[in-house]
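Dear colleague,

Please find below the structure that I am handing over to you. I would be grateful if you read the notes after it with the model open beside you.

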Amino acid sequence: MEADAPPASARGKSPTLLPAPTNLDESTVWLARAIYSETKLPHEQELVAWVIRNRVETAYRGHRTYRSVVLDPYQFSAFNPGASKRAHYLRLRPEAPLPQWRQALWVARYVRHAEGAAYRPFPVETRHFYSERSMRDRAVPYWAERSGVVAPEHDQYAIDERRFRFFKQIS
C-alpha cells in the first residue's frame, strides 16, 4: 500500500532513483512537470506545488485544471511559447529515470491529495512566486512591487529569498 507522503528519500537531497508512484492521474503529472521545471529541491517543489494547487482551487485567471494552469501563457517560464526547455518538460512521463523528476512526482501526488488546513503552508490566496535568481532585467517583477512576501506557516520550510519569494492576493 502506498503512503500519501513522499518517501523519506524524496524529502532529502539524495539523488536516489525512486520508483514512480503508481496510479498517477494526468493532473498529478502536470503538477509534477511544473514543479520540476521550477526547482529540483524537494522542499521548494512542495511550496511551488501548493501555489499551483491554490491557482486551480481558486480558478485563477479562469483556469480550473492543472494542465490549463501550467500552460497559461507567461505564468511558468519553462512552458512559455518558445521556451527552450518547453518540449522537454511536456514530454516527461512518470517512467523517465530522472531522480529529481521522480521526487517531483511524489511531491505532486502528496500535495494533490493532502486534505485539511494543517497541510497547507500558505493561505489559498497565495498564488504567485518568483525567484530573484531568474530575474534578468529587474530585481522584482512589476506585480510584486507593492505586495508583501508570504512566509510558509510551518517551521519545516527554510527558504532562501534569493531562490523563492511567495505572494498572496495578486490579481
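This is a predicted model: local features need pLDDT of at least 70, side-chain atom pairs count only at pLDDT 80 or more; totals for chains, interfaces and linings use all residues.

Residues are numbered from 1 along each chain as its sequence is written, and side-chain values use heavy atoms, with hydrogens and water left out.

I begin with the helix pair. Helices are DSSP runs of H or I with at least four residues, and strands are runs of E with at least two, numbered from the N terminus. Helix α2 (residues 26-38) packs against helix α3 (residues 42-57) at an angle of about 130°, and their axes are 9 Å apart. α2 is therefore oblique to α3; angles under 35 degrees count as roughly parallel, over 145 as roughly antiparallel, 65 to 115 as roughly perpendicular, and the rest as oblique. On the α2 side, the contact (heavy atoms within 4.5 Å) is made by Leu-31, Ala-34, Ile-35, Tyr-36 and Glu-38, and on the α3 side by Gln-45, Val-48, Ala-49 and Ile-52.

Next come the salt bridges, each defined as a side-chain nitrogen of Lys or Arg within 4 Å of a carboxyl oxygen of Asp or Glu. The count comes to eight salt bridges. One of them joins Asp-25 to Arg-112, with the closest N and O atoms 2.5 Å apart. Asp-25 lies in the loop between α1 (8-11) and α2, and Arg-112 in helix α6, so this pair ties together parts that are 87 residues apart in sequence.

A salt bridge also links Arg-163 and Glu-44, at 2.6 Å from N to O. Arg-163 is in the loop between β2 (149-150) and β3 (165-168), whereas Glu-44 is in helix α3, 119 residues apart. Both Arg-163 and Glu-44 are buried, where buried means under 20% relative accessible area, exposed over 50%, and partly exposed in between (1.4 Å probe, protein chains only).

Within helix α3, Arg-53 and Glu-57 are four residues apart, which means about one helical turn between them. Their side chains meet in a salt bridge of 2.5 Å, N to O. Arg-53 is buried at 10% relative accessible area, while Glu-57 is partly exposed at 39%. Salt bridges with shared partners join Arg-53, Glu-57 and Arg-120 into one network.

Finally, Ala-96 lies in the loop between α5 (86-91) and α6 (99-113). Ala-96 is buried, at 15% relative accessible area.

With kind regards

Conventions:
Axes are lines fitted to C-alpha atoms, for helices over the stretch in contact, and angles run from 0 to 180 degrees between N-to-C directions.
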